[in-house]
Amino acid sequence: MNEIIVRYPPSPTGLFHIGTARTVLYNFLFAKNKQGKAIMRMEDTDKTRSEKQYEENILSGIQKLGMAWGVDWLSSTDEVVYQSERAGVYKKYLEKLLAEDKAYYCFSTPEELNILREKAQKEKKAFRYPETWRNADKTLVQEKLDAGEKSVIRYKLPKDISEITFTDAVRGEVTIKLTELDDFVIAKNLDTALYNFCVVIDDNDMKISHVIRGEDHISNTPKQILLFKEFGFNIPTFAHLPLILNADKSKLSKRKNKVSVDDYLSDGFLPEALVNFLALLGWNTSDEQEIFTMEELIEKFSLDRVHKGGAIFDIEKLKWINQEWIKKMDISEFYTRVLEYWNSEDVKNSEKYNFDISLFGDLNNEKNILFLREALALVKDRTKQLSEVFENLALFYTDDASLEYSTDIYFHKKMKTSRETAVESLEFAKNIIENLDDNFEFTAENLKNLFIEKIKEAEFKNGYILYPLRVALSGSEFSPGTLELLEIFGKERSIVRINRGIDLCK
RNA sequence: GGCGCCAUCGUCUAGGGGUUAGGACACAGGAUUCUCAUUCCUGUAACUGGGGUUCGAUUCCCCAUGGCGCUACCA
């Protein structure tokens, strides 16, 4: 059995795209599942559109997604292959085709061709290159070349083949008639080969066994197969993945969606969640599992369970998966991740997020670290995105004596509380706290037992006391548990906040 | 326009010749809790249409329809 080799084929013409990430992921999962390997191939033949910054963004994005899993996504590749550095290789093959009269120079200008294209459109016919230069006089061609006239190199479509059929690993047999094709351009010139040509040479040189890519490449496949055959190369197995779609079912695009992986990362989504979510967009196991570790994904992945139809990118599901991953974390991990998040360059440099972590004091100080960890523990399971955390922590750091909030929130129908009754409730709570024994351990659990008992004695409802107390402690109607708040603030700070509440209500 | 691909709840999907068409997200209601969140329970909600094949099609075949993709000297 031949070795399984796949390629990651990003084109550095934009920031690391969610769709690219999904393609890379599926290639990775497939290769790992088969104990094969993956090669990073930067498809940067288009010099005008390719940019170094995008290349770096893609490479680092792939690392970011893999890192969280303890997986080095590039480990199985010795290096990154750049198509832009392989022009010499392509040139040899180009010259070979030219010499064998399998390819030819074409001097038709884009303008000329466009006119024909529009004409065909009007006549409701498919446009085909009219083969003007297919059998042109050699000396004429040479003269034009010598004169430096602009030309391209076209592949001479074989006339003895009527159709191309290939077996797609996700779609089954796909057939395209050769009459649908024309003498397509394979290079701008000897030094600038184009995509459809380069990938064939590369796939062969790299011994690629499986080409896993987006559905938008189906129509390129027959052209490539023609070239594979022309050179006598082994034809890899193709697998065309369903597209990721906008809400309106069009191909996922910048105009209608966030498409850059960095955007999602800086919105506080975990790489684990992103990968988990992406894996499920177009693929699934037949069981009902939704949350997968990378190991499980690798173990269970197979191309024959890849869906054929496109899938809409549903941010709500992503949020849910993200929260599931956050809930799975222990508090130390959460602490580390949140800090990493606040300190990541994208978040720091973004105007959108102003997380001033100096709020938490000097985080080399043991006491500050401890307090932050406790606060994070209270906030963790209610977090959907890391971007919410800072705001949710604010209440722990505001000045106790000058807490600001509207006393309207003391009103609660079900608890039968109001701004007026709050004074009684708060005095009651304060009294309990002030009269604690010196050796009373100020923990949520102890406090709960004590409060429940005292409230019962006084024949109040739990909520009648605890709800206003929450408001006084947090300055908000929604917060972590009241007893947990007491514990984290401790006796003294709690009393200050309660007094503040009483003042505000009077 | 031409060619190709695709088609199960709003979304992601399972399923498959005979099923109460299953799960998850979202949404709604309820239980628990001191609120929100969590957790638990319940509910609303789908096989695009028409022909075949068949005792029986949502499932297989064909057609139509619809959606999308490609239609570059981009990838």
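Ala422, Ser425, Leu426, Phe428 and Ala429 of helix 16 meet Tyr464, Ile465, Pro468, Leu469 and Ala472 of helix 18; two residues are in contact if their C-beta atoms, placed from the backbone, lie within 7 Å. By class, this contact of helix 16 with helix 18 has nine nonpolar, one polar and no charged residues. Ala, Val, Leu, Ile, Met, Phe, Trp, Tyr, Cys and Pro count as nonpolar, Asp, Glu, Lys and Arg as charged, and the others, Gly among them, as polar. Helices (H or I, at least four residues) and strands (E, at least two) are DSSP runs, numbered from the N terminus.

This is a predicted model, in which local features need pLDDT of at least 70, side-chain atom pairs count only at pLDDT 80 or more, and totals for chains, interfaces and linings use all residues. Residues are numbered from 1 along each chain as its sequence is written, while chains are lettered from A and ligands numbered from 1 in the order in which they are written.

**Helix pairs**

The table gives two helix pairs. Axes are lines fitted to C-alpha atoms, for helices over the stretch in contact, and angles run from 0 to 180 degrees between N-to-C directions.

| Helix pair | Axes come within | Crossing angle |
|---|---|---|
| Helix 16 (residues 419-434) and helix 18 | 8 Å | roughly 90 degrees |
| Helix 12 (residues 331-343) and helix 14 (residues 366-379) | 10 Å | roughly 105 degrees |

Helix 12 is thus roughly perpendicular to helix 14, a term for angles of 65 to 115 degrees. Helix 16 and helix 18 are likewise roughly perpendicular to each other. Ile331, Phe334, Tyr335 and Val338 in helix 12 meet Arg373, Leu376 and Ala377 in helix 14. The contact of helix 12 with helix 14 has six nonpolar, no polar and one charged residues.

Strand 5 (residues 152-155) pairs with strand 8 over two bridges; two strands pair if DSSP finds at least two bridges between them. Ile153 has Ala187 in strand 8 as its bridge partner.

**The surface near RNA strand B**

Around RNA strand B there are 64 residues, of which Ser11, Glu43, Lys124, Tyr195 and Gly309 come nearest. A residue is near the strand if its C-beta atom, placed from the backbone, lies within 6 Å of it. Helix 18 gives the largest share of this surface, five residues. By class, the surface has 22 nonpolar, 18 polar and 24 charged residues.

Methods. Angles under 35 degrees count as roughly parallel, over 145 as roughly antiparallel, 65 to 115 as roughly perpendicular and the rest as oblique.
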